Amino acid sequence: MSRKERSMEEVKVIGFWTSPYVYRVTWALKLKGVEYEYQEEDIWNKSDLLLQYNPVHKKVPVFVHGGKTIVESGIILEYIDETWPQNPLVPTDPHARAMARFWIKFVGDKMRNFQGFFFKRAGEEQIKAVKEAQEYLKILEDHGPEEKKFFDGDNIGMTDLSMGWLAFWLEAMEEASGVQVLEANSFPRLHAWIRNFKQVPVIKENHPDHTRLVAYFKRLREMFTKPATT
């Protein structure tokens, strides 16, 4: 089957509305102009369909194209970019492409470090977790866009999509926990990038509702920080 024939096959995404990993995938599809069917999954009561499509990790997103399943958002993004070459998501320059993959991996590997503060009760542990998150954010700040609008250049790319959680989810987590991590004075480049990211039409028109997301994170935080009973 040719690439053109393959690209015309039916596309389906199984996701959960709070997942930044799912949004990476749907943002990429919309940037490519690819039509798809979306199915909402209840991750607290996983369906037989999810377990069938992703029996190993049992997580979203699940990407189905022409009846064939792909999981893990980073792998899905690469597949999308290779299958639909219009509006490429990675730079054409080999070095720039390698650096994009480096930062995508960095953010993925350190996600728990970025978010650790959220799962700590107020006190020394939370203060320590905030400092750790800010140390990793400082690395992104120092290597982030300076003269260009996005991490991947003048146009939004795969690195930006992978860091999209900074634009919506981190803000909601800060509000839900009452802790500010990404301070504007300390991270001016990242704040400028967030403003540019949010102005991209596809992003502006497709993101989780802030109020609803904050309420969700408040409930989630209560679950994780509730003192153990004896």
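These questions and answers cover the fold, helices, core and loops of a predicted model.

User: How many helices and strands does the protein have?
Analyst: In this predicted model, the C-alpha atoms fill a box of roughly 60 × 50 × 30 Å along the principal axes. The secondary structure of the protein comes to 12 helices and 4 strands.

User: What radius of gyration does the protein have, against that of a compact globule?
Analyst: A compact globule with 230 residues would have a radius of gyration near 17 Å. The value for the protein agrees with this, at 18 Å.

User: What percentage of the contacts between residues at least 6 apart in sequence join residues at least 24 apart?
Analyst: Buried residues make up 47% of the 230 residues. Among contacts between residues at least 6 apart in sequence, the share that joins residues at least 24 apart is 71%.

User: How far apart are the end C-alpha atoms of helix α7?
Analyst: Helix α7 runs over residues 124-143, which is 20 residues. At 1.5 Å a residue, α7 should span 28 Å. The separation of its end C-alpha atoms agrees with that, at 29 Å.

User: What arc do the buried residues of α7 cover around the axis?
Analyst: The buried residues of α7 are Gln-126, Ala-129, Val-130, Ala-133, Tyr-136, Leu-137, Leu-140 and Glu-141. They lie on the same side of α7, because the arc they cover around the axis is only 155 degrees. An α-helix has 3.6 residues a turn, so residues three or four places apart point the same way. The arc for α7 is 155 degrees.

User: Why is α9 largely enclosed by the rest of the structure?
Analyst: The buried residues of α9 include Trp-165, Phe-168, Trp-169 and Met-173. Glu-174 and Ser-177 of α9 are also buried. Helix α9 is largely enclosed because its buried residues number 11 of 13.

User: Which element gives the largest share of the largest nonpolar core?
Analyst: The largest nonpolar core has 71 residues, of which Phe-63, Leu-161 and Phe-217 touch the most other members. The largest share of this core is 9 residues, and these come from α9.

User: Which residues is Phe-217 in contact with, leaving aside its neighbours within four places in sequence?
Analyst: Phe-217 is one of the residues that touch the most other members of the largest nonpolar core. Leaving aside neighbours within four places in sequence, the contacts of Phe-217 are Phe-118, Trp-169, Ala-172, Met-173 and Ala-176.

User: Is Pro-208 buried or exposed?
Analyst: Pro-208 is found in the loop between α11 (201-204) and α12. Leaving aside neighbours within four places in sequence, Pro-208 is in contact with Trp-17, Tyr-23, Trp-169 and Leu-213. With a relative accessible area of 4%, against a cut-off of under 20%, Pro-208 is buried.

User: How far apart are the C-alpha atoms of Pro-208 and Ser-19?
Analyst: Pro-208 and Ser-19 are 189 residues apart along the chain. Their C-alpha atoms are separated by 9.0 Å.

User: Is Pro-94 buried or exposed?
Analyst: Pro-94 is placed in helix α5. Its relative accessible area is 55%, and the cut-off for exposed is over 50%. Pro-94 is therefore exposed.

User: Which residues is Asn-54 in contact with, leaving aside its neighbours within four places in sequence?
Analyst: Asn-54 is in the loop between α3 (48-53) and β3 (62-65). At 2% relative accessibility, Asn-54 counts as buried. Its contacts, leaving aside neighbours within four places in sequence, are Lys-59, Val-62 and Val-71.

User: What is omega for the peptide bond from Val-60 to Pro-61?
Analyst: Pro-61 is in the loop between α3 and β3. Most residues other than glycine have a negative phi, and most peptide bonds are trans. The bond from Val-60 to Pro-61 is cis, with omega near 5 degrees.

User: What is the phi of Lys-58?
Analyst: Lys-58 lies in the loop between α3 and β3 and counts as partly exposed at 37% relative accessibility. Although Lys-58 is not a glycine, its phi is positive, at about 60 degrees.

How values were computed: Residues numbered from 1 in each chain as written. Predicted model: local features only at pLDDT ≥ 70, side-chain atom pairs only at ≥ 80, totals over all residues. Heavy atoms only, no water. Helix = DSSP H or I, 4+ residues; strand = E, 2+ residues; numbered from the N terminus. Expected span 1.5 Å × (residues − 1). Buried < 20%, exposed > 50% of the residue type's maximum accessible area, 1.4 Å probe, protein only. Arc of directions from axis to C-beta. Contact = heavy atoms within 4.5 Å. Rg over C-alpha atoms; globule rule 2.2 N^0.38 Å. Core = buried A, V, L, I, M, F, W, Y, C linked by side-chain atoms within 4.5 Å.
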